[in-house]
Amino acid sequence: MSQLKQMSHADNSAPSTPGKFKMEKASYFNRVRWHASPAKLCLWSFVFSAAILIFFFRSPASSPLPADPSRRSLRSPSNWGGPVWEKRVRSSARVRSRNGFSVLVTGAAGFVGTHVSAALKRRGDGVLGIDNFNDYYDPSLKRARQALLERTGVFIVEGDINDAALLRKLFEVVPFTHVMHLAAQAGVRYAMENPGSYVHSNIAGFVNLLEVCKSVNPQPSIVWASSSSVYGLNTKVPFSERDRTDQPASLYAATKKAGEEIAHTYNHIYGLSLTGLRFFTVYGPWGRPDMAYFFFTRDILKGKTIPIFEAANHGTVARDFTYIDDIVRGCLGALDTAEKSTGSGGKKRGPAQLRVFNLGNTSPVPVSDLVGILERLLKTKAKRNIMKLPRNGDVQFTHANISYAQRELGYKPVTDLQAGLKKFVRWYLNYYSSGKKAVE
């Protein structure tokens, strides 16, 4: 429970791709050819083209709410602004240590965002969060994280990173020195259900944030979350930042790779200082319920069968599980070593820093071993169902080479899976004890 106490004290609807439009009978074209005037044809061509453009390019944020509740809304509330709101923003972002930073943390109610925000606040940095509290997973967990951060003095603005007016207003109120960009649509498998949400959050949202950052004065330094998923079908291990990343195995991975290319563009044209962090399977207290270790714990306790995937020819599926505290230290190291952006008013004044780092644990563990550890910690035998690894974007293994982060950031993971899962299980049993979600 020491992890919790430490934190406590310091602390889419997307348009579907249309099918191919096929006319089956040539006679139809003959009727159109002989009975429609050129003027009418031009008119209908214009209307049809306009309809296609609206269908493809309208933002999910401006679309009506979906009927299917599994399709989360990405709307931003409009109840921000005003003297009281601005006072809360300034108070939260006030720097309380010498040479401290004022940091805007996007996705602050998320798993990594909560831990990073708390750590920044503990050391005296000014921290303001922004999060849209979407329902990709249980929003009550995000609200509990929000309550945890509020007790440490961190205010989370409810809003979407695609809301340019809101972001501009935040920079008007606070001249942030740094942005820790952690907001994103996460999850590999969900991309097959709702691909538009990934484009909206991970690409359009990132571009929108960079557009605002490039125009403010002074420009902030930006550290942002990429993913180990960018290594995709790469078979060379361990994964190094110099390895190829042009074979994504999922749409999620593709959007994160696109983010790295977009970062390069804004660095090159506008002089933004950008550092990308490729996280490797982050786990720990306050984690994401869609992650295997989390729902394995839930289902083992409920006596439900859990799927254990294996690759072709009974190959082992393994992950480089990285404990949240180690990830946080990497994030803070990236912030501390980030150089200032070199642009002003949207114009580049000189070369700017551009980096990307692996943040992993360097010790891949088979998923079957993960389950074994959980069984011992929960004192309950798991009901295992061995299944073939599906073709949904999951890869067989991940393994980080962290020598670059060690050299440049002083990054050194210290928590093994046994110790990290013990802390997670302690938190989980407390949080969900007696059906009551109590926050310590």
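**Close-up views of a predicted model**

**View 1. Helix α8 and the largest cavity.** Helix α8 supplies the largest share of the lining of the largest cavity, namely 3 residues. Helices (H or I, at least four residues) and strands (E, at least two) are DSSP runs numbered from the N terminus. This is a predicted model, in which local features need pLDDT of at least 70, side-chain atom pairs count only at pLDDT 80 or more, and totals for chains, interfaces and linings use all residues. Residues are numbered from 1 along each chain as its sequence is written, and side-chain values use heavy atoms, with hydrogens and water left out.

The space in the largest cavity amounts to about 60 Å³. A cavity is a set of points, on a 1 Å grid over the protein atoms alone, where a 1.4 Å probe fits but cannot get out; lining residues have an atom within 4 Å of a point. The volume is the space filled by probe spheres set on the points, which are joined across faces, edges and corners. The lining consists of His181, Leu182, Ala183, Ala184, Ser201, Asn202, Phe206, Trp224, Ala225 and Lys256. Two or more of these residues come from each of α8 (195–215) and β5 (221–225). By class, the lining holds 6 nonpolar, 3 polar and 1 charged residues. Ala, Val, Leu, Ile, Met, Phe, Trp, Tyr, Cys and Pro count as nonpolar, Asp, Glu, Lys and Arg as charged, and the others, Gly among them, as polar.

**View 2. Packing of helices α10 and α14.** Helix α10 (residues 292–302) packs against helix α14 (residues 417–431) at an angle of about 55°, and their axes are 11 Å apart. Axes are lines fitted to C-alpha atoms, for helices over the stretch in contact, and angles run from 0 to 180 degrees between N-to-C directions. The two helices α10 and α14 are therefore oblique to each other; angles under 35 degrees count as roughly parallel, over 145 as roughly antiparallel, 65 to 115 as roughly perpendicular and the rest as oblique. Tyr293, Phe294, Thr297, Arg298 and Leu301 of α10 meet Leu421, Phe424, Trp427, Tyr428 and Leu429 of α14, where contact means heavy atoms within 4.5 Å. The residues of this contact comprise 8 nonpolar, 1 polar and 1 charged.

**View 3. Two cis peptide bonds.** Asparagine 217 and proline 218 are joined by a cis peptide bond with omega of about 5°. Proline 218 lies in the loop between α8 and β5. A cis peptide bond also joins valine 237 to proline 238, with omega of about -5°. Proline 238 belongs to the loop between β5 and α9 (251–270).

Notes. 1 Å grid on protein atoms, 1.4 Å probe; cavity = no way out; pocket = protein on both sides within 12 Å on 5 of 7 lines; lining within 4 Å.
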